[in-house]
Amino acid sequence: MHAIIVSAQGGPEVLEHVERPDPVPGDGELVVDVAASGVNFIDIYHRSGAYPLDLPTSIGSEGAGTVSAVGPGVEGVAVGDTVAWANVLGSYAEKAVVPAARAVPVPDGVSADVAAAAMLQGMTAHYLTHSTHEVREGDRVLVHAGAGGMGQLLIQLAKLKGATVFTTVSTSEKEKLAREAGADEVLRYDSFVEPLRRSIDVVYDGVGRTTFDGGLEVLRPRGLMALYGAASGPVPPVDPQVLNRQGSLFLTRPTLIHYIADREELLRRASDLFGWISSGQLRISISHRYPLADARQAHEDLAGRRTHGKLLLIP
């Protein structure tokens with residue numbers, strides 16, 4: 001089989017398209033013929049060393065496909081089933097080894113590529129709007145980067161909960177996409193603070209360095225900053241006294257793995273997502289599909305913010 005590996009950390013050029021032996025499932029594991037792999041910023045962090053991994057390593061954290069082999073001790077999954085997963089390294093490959101406990105059944109009516117596109121970002125949007133801050137009807141929500149894959153999902157889920165959603169984008173084209181996702185008001189990154197100052201219940205910030213300080217300024221007293229990513233670079237150290245001065249604000253840096261820590265929670269979030277997709281309440285925007293061998297280009301496009309939805313690698 002072919003796979004993408006990293007032998008030295010660095011830029012997109014370190015991504016290697018190599019041939020490897022077909023995997024064999026161990027206890028509690030599945031081998032899945034990958035239909036599509038999601039491309040995410042966490043993959044860039046793994047590749048660059050921002051999130052260090054032992055090298056050499058496989059890469060990619062999300063995908064969907066058809067089970068081709070089942071290891072000892074696995075129950076409830078059979079060869080031929082379609083499954084999806086997130087937070088499983090080695091997903092940039094023609095065949096992936098997936099712990100059965102992390103595999104989610106994909107229902108009829110949801111294609112494998114849509115399932116792959118929905119898992120990591122979809123469940124992140126789910127926990128952010130349902131757990132980190134449980135959005136309620138009438139909440140005023142700010143979503144940064146509203147035209148991206150995560151941004152569009154956050155807008156849609158916040159609207160399903162009855163919120164008024166503000167978002168930031170960089171271009172008129174991206175404004176159109178954010179409005180199509182349901183945003184009530186679309187602002188530019190350099191001018192969002194004054195119109196929203198001290199009026200927002202929760203800020204969902206996956207941009208980081210360039211938006212963080214402004215995000216604190218728009219929060220109402222006791223509002224919440226949910227910093228879930230750093231597309232523009234890491235946020236510098238924060239003096240907790242700033243949170244006091246701005247109105248006893250809350251700050252959290254959540255990550256998906258802590259919100260799908262047990263299988264019941266994983267299945268609940270995935271079931272909600274697939275249900276909304278099947279009913280048409282949630283639209284998954286797939287921006288680009290790349291051949292597996294073009295993983296480098298996918299990383300360059302994602303990091304360069306040249307895309308406006310989910311990126312997939314197709315083996």
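Set aside the neighbours within four places in sequence, and Asp43 is in contact with Gly38, Ile59, Gly60, Ser61, Tyr92 and His299. Contact means heavy atoms within 4.5 Å. This is a predicted model, where local features need pLDDT of at least 70, side-chain atom pairs count only at pLDDT 80 or more, and totals for chains, interfaces and linings use all residues. Residues are numbered from 1 along each chain as its sequence is written, and side-chain values use heavy atoms, without hydrogens and water.

Asp43 lies in helix α1 (residues 41-48). Helices (H or I, at least four residues) and strands (E, at least two) are DSSP runs, numbered from the N terminus. Asp43 is buried, meaning under 20% relative accessible area with a 1.4 Å probe, protein chains only. Asp43 has no salt bridge, which would need a side-chain nitrogen of Lys or Arg within 4 Å of a carboxyl oxygen of Asp or Glu. Lys310, the nearest side chain of opposite charge, is 7.1 Å away. Lys and Arg count as positive, Asp and Glu as negative; His and the chain ends are not counted.

Now turn to the sheet. Six strands form an open sheet with parallel pairing, in the order β11-β10-β9-β12-β13-β14. Two strands pair if DSSP finds at least two bridges between them. β11 (185-188) and β14 (250-252) stand at the edges with a single partner strand each, so one side of each has no neighbour in the sheet. Strand β12 (residues 200-205) and strand β13 (residues 219-227) run parallel, joined by five bridges. Asp205 stands opposite Leu227 in β13.

Helix α2 (residues 112-132) packs on the sheet and touches β12, β13 and β14.

Conventions
Axes are lines fitted to C-alpha atoms, for helices over the stretch in contact, and angles run from 0 to 180 degrees between N-to-C directions. Buried means under 20% relative accessible area, exposed over 50%, partly exposed in between (1.4 Å probe, protein chains only).
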